[in-house]
Amino acid sequence: MELGSTPGGAAGVANAGATRDDDASAISVTAAVSERVYKVYKRRWFGLVELVLLNIVASFDWLTFSPVASQAATYFKTDETAVNWFSTCFVFANVVVAPAVIYVLHLGPKLSISTSAALLLVGNWIRYAGCHSSESGIYGLVMFGQILTGAGQAFVLAAPTRYSDMWFTNRGRVGATALASLANPFGAALGQLIIPFWVQDSSDVSSMVLYVSIIGTVCALPAFFIPARPPTPAAPSSVTPKLSLRASVRVLASRLEFWLLFFPFAVYVGLFNSISTILNQVLLPYGYSEEEAGIAGAILIVVGLVVAAAVSPVIDRTKAFLPLIRVAVPVAGVALLLFVWMPETRGGGGVAGPYLAMALLGAAAFSLLPVAVEFLVEVTHPVSPEVTSTVSWSAGQLLGGVFIIISGALKSGEEAEPPSNMKRALVFSAVIGLAVVPLPLCLGLFGRKEQVKLRRVVSDEAVGRAGGVEVYRDADPET
């Protein structure tokens, strides 16, 4: 636990003019103006755990039907393309509510988390209302519930950077953001792994949706009881005046470093959404079972989570954001390229090929995710964290929906060998993934090293020096 104080002095903020290289709206904290004590509280873990649970539930909702697309198609008396639209509309709902997410998060993370919980609760039970019969479901009613849960996900998907900025210091923000952000793909992994075991026949779809609704209810209810904000700031940057939403948008639009990382982040989030949705349709034509496809999806995410869990604390201590980005992005691109041929190795190598490609992609992409969103906050500070996070995640969700539609259109016909294979969709994913690899490799080059400095970390250190802040390891004074 960290405790900072400003003995005999003051900590505060003052605006300084922006430099010629920075946007004119940028603010730098340079002096202490009033006494302030900085503390972190154990209660911050309550809100963080709730963020994790809601992100898991939202991902379960997103991939409720994808791992069992054939049974779901039979249950709803439609085809697999229509089932894919459950996932597609879910991610599009994320994009539609993005402006509302930015506004609500700007007011505070608790309001955003509570809004998400309410939408997930209502959406899940509407979905079950459309699936209460074991013989067939009401497609339109389930789609409406799916859209509500998609909107609910948006309010917690973008919340981790805002929450960690308010409740954690720069020694723990990456880890906190990683824990909450990676809960989203972890939920997807659980869905890929568990749902195929719940649905052995189309008549099981109804009970499966009921199970998901019950889990969602249990996880969502605590959201209404989390604290709104810490009694005292966690760090100087927590109370640094943030730019207005309009000024934040102007700064991001003109900041090259934002775009160099924004595009790869959005593309890889989109590709993850797309591949997770169609993975069983990619593997089944080559003789893999739905359980094996589910395990492949779980490997993608579990390996990624393990690597990210190991990397995030190291980044918190070393602040080596750029080196990791420059390694992880090319590795993710190579993994996408390898996966183009891996489904075809079923006859000679069994399941090893797809599992290996998924493990490599997961390790690279998942270690990159929390580092990228935190790095975007650092290099654009004092832009409000919710702006960079929501814009980046919404773009990824939008691309995910587009990629799912394109992948469905690229699916081969019954005359292909094997019938209905999706190799062209994998080629498309690899080309898109490799196309954005050079962008983040340019960060800090060509005389722009000053533009990738960690502004929020520098802000904390500057205020600490100005106000004589000392940082200790201590017990939570509130416990």
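Colleague: Which helix gives the largest share of the lining of the largest cavity, and how many residues is that?

Modeller: Helix 11 does, with six residues. Bear in mind that this is a predicted model. The other elements that give two or more residues to that lining are helix 3 (80-96), helix 8 (173-198), helix 15 (352-380) and helix 16.

Colleague: What makes it a cavity, and what is its volume?

Modeller: A cavity is a set of points where a 1.4 Å probe fits but cannot get out. The volume of the largest cavity is about 200 Å³. Of its 18 lining residues, Y268, V269, F272, L369 and W393 are the closest to the centre.

Colleague: How many charged residues does that lining have?

Modeller: There are no charged residues in it; the lining of the largest cavity has 14 nonpolar and four polar residues.

Colleague: Which element gives the most to the lining of the second largest cavity?

Modeller: Helix 11 again, with five residues. This cavity has a volume of about 80 Å³, and its lining includes Y268, F272, S276 and L300. By class there are nine nonpolar residues, one polar and no charged ones.

Colleague: Why is the contact between E257 and R448 called a salt bridge?

Modeller: The rule asks for a side-chain nitrogen of Lys or Arg within 4 Å of a carboxyl oxygen of Asp or Glu. For E257 and R448 the N to O value is 2.6 Å, so the pair qualifies. E257 lies in helix 11 (residues 256-283) and R448 in the loop between helix 18 (438-441) and helix 19 (455-467), so the bridge ties together parts that are 191 residues apart in sequence.

Colleague: What makes R162 and E386 a link between distant parts of the chain?

Modeller: R162 is in helix 7 (residues 159-167) and E386 in helix 16 (residues 385-409), 224 residues apart. Their side chains meet in a salt bridge at 3.2 Å, N to O, and both residues are buried.

Conventions: Residues numbered from 1 in each chain as written. Predicted model: local features only at pLDDT ≥ 70, side-chain atom pairs only at ≥ 80, totals over all residues. Heavy atoms only, no water. Helix = DSSP H or I, 4+ residues; strand = E, 2+ residues; numbered from the N terminus. Buried < 20%, exposed > 50% of the residue type's maximum accessible area, 1.4 Å probe, protein only. 1 Å grid on protein atoms, 1.4 Å probe; cavity = no way out; pocket = protein on both sides within 12 Å on 5 of 7 lines; lining within 4 Å. Points joined across faces, edges and corners; volume = space filled by probe spheres on them. Nonpolar A, V, L, I, M, F, W, Y, C, P; charged D, E, K, R; others polar.
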